[in-house]
Amino acid sequence: MLRQSETGAFISGQELCGQLGVSRTAVWKSIRQLKEAGYQIEAVQNKGYRLLSVPDILSKSEIESRLHTQWAGRPICYFDEIDSTNTEAKRVAEGAAGAQGHGTVIVAEEQNAGRGRRGRDWSSPRGEGIFFSILLRPDMNPANASMLTLVKALAVAKGISKSTGLEPAIKWPNDVVINGRKIVGILTEMSAQIDYVNHIVVGSGINVHQKNFPKELAAKATSLDMEMSRLGKEDRIYRAAVLAAVLEEFEKYYRTFMQTQDLSMLREEYNALLVNCGREVRVLDPLGEFGGKALGINERGELLIHREGGTVKVSSGEVSVRGIYGYV
Ligand code: BTN
């Protein structure tokens, strides 16, 4: 209620009690808890309370009070510290409430065993990023699941753009980049039978408040704060606002994807953000590297490469793609 009141306006204790159906003491206790959590709230006799500033935290209520989705992030399960949000999402999926859970989001301030693709670690320092996983239970052929990673990349790129004004792009298949450097990593994991999906977990790590990266990553990684200051923007980034925007975009794109269970209706939007589009790339194929010009994805999410002798399709499970001058 304090957030929703007009900027600078006080809300009286009486109004809070009346609207929430609680006692004055309960209001007073909640205000004290909020202050302890880092909210700056001014209390003035005969006027009431007003919100002066909010902390950048990823608590359930901070996220939910900004969320306008039907199912994505319903519920939000918040952890101060966890091994990996992907691992926790799998535990939820396999637990007692296992039959449900579609849309559940696991989010943590810190991961002590964050995982990246190809068995790598994902550094997840406290308060610096947004580490979260969405649990999905789609009724679909497991062969289509890998395309969800591209759907997520599109959603994260759009969500970041809407909530920060920055302009992310996508490096095929699912790295989100700004200024040629990676800002988001996505890890999709699935439990399935040959023709049936038990569940899918799509996890993302968004770099937000890092001020620099270790030497070996410096040319390849960036954070939202670093990109804001490069553009001379001073706005503070609220991670809960970015996450809420990403979840809203994901819900929208997921709905479109499920209509056809492929990317035919999202392909154009994805290709418009694809940093590789029209560029010379090296395809790191275990059967032999080759070069060509990236043309964009087809409806299956495969990258079309124009090379001598015609156009070939490459799929993300088999190859990776590099720019000829570096990472993108
Ligand atoms: C990559 O290697 O690019 C993928 C990185 C994925 C990291 C995210 S952080 C939230 C979720 N939990 C994990 O353990 N990994 C993913």
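Helices α1 (13-20), α2 (24-36) and α3 (60-64) each supply at least two residues of the lining of the second largest pocket. Helices (H or I, at least four residues) and strands (E, at least two) are DSSP runs, numbered from the N terminus. This is a predicted model, in which local features need pLDDT of at least 70 and side-chain atom pairs count only at pLDDT 80 or more, while totals for chains, interfaces and linings use all residues. Residues are numbered from 1 along each chain as its sequence is written, and side-chain values use heavy atoms, with hydrogens and water left out.

**Second largest pocket**

- A pocket is an open set of points, on a 1 Å grid over the protein atoms alone, where a 1.4 Å probe fits, with protein on both sides within 12 Å along at least five of seven lines; lining residues have an atom within 4 Å of a point.
- The volume of the second largest pocket is about 520 Å³, taken as the space filled by probe spheres set on the points, which are joined across faces, edges and corners.
- The lining has 20 residues, and M1, L2, R3, S30 and L34 are the closest to the pocket centre.
- With 6 residues, α2 gives the most to this lining.
- Sorted by class, the lining has 13 nonpolar, 5 polar and 2 charged residues.
- Ala, Val, Leu, Ile, Met, Phe, Trp, Tyr, Cys and Pro count as nonpolar, Asp, Glu, Lys and Arg as charged, and the others, Gly among them, as polar.

**Ligand**

- The ligand is surrounded by 18 residues, of which S84, Q111, R115, R117 and K182 are the closest; a residue counts if one of its heavy atoms lies within 4 Å.
- An oxygen atom of the ligand lies 2.8 Å from a polar side-chain atom of S84.
- For K182, an N or O atom in the side chain is 2.7 Å from an oxygen atom of the ligand.
- The protein covers 98% of the 420 Å² of accessible area (Shrake-Rupley method, 1.4 Å probe) that the ligand has on its own.
- Strand β8 contributes 4 residues, the largest share of the shell around the ligand.
- The shell consists of 4 nonpolar, 11 polar and 3 charged residues.

**Aromatic pairs**

- Rings of Phe, Tyr and Trp (its six-membered ring) pair if their centres lie within 6.5 Å; planes under 30 degrees apart count as stacked, over 60 as edge-to-face and the rest as tilted.
- The count is 2 aromatic pairs.
- One of them, W71 with Y254, is edge-to-face, at 5.1 Å centre to centre and 65° between the planes.
- W71 lies in the loop between α3 and β3 (76-79) and Y254 in helix α7 (residues 239-260), so the pair ties together parts that are 183 residues apart in sequence.

Terms used:
A polar contact is a pair of N or O atoms within 3.5 Å; within protein, one must be able to donate a hydrogen and the other to accept it, and residues adjacent in sequence count only if both atoms are side-chain atoms.
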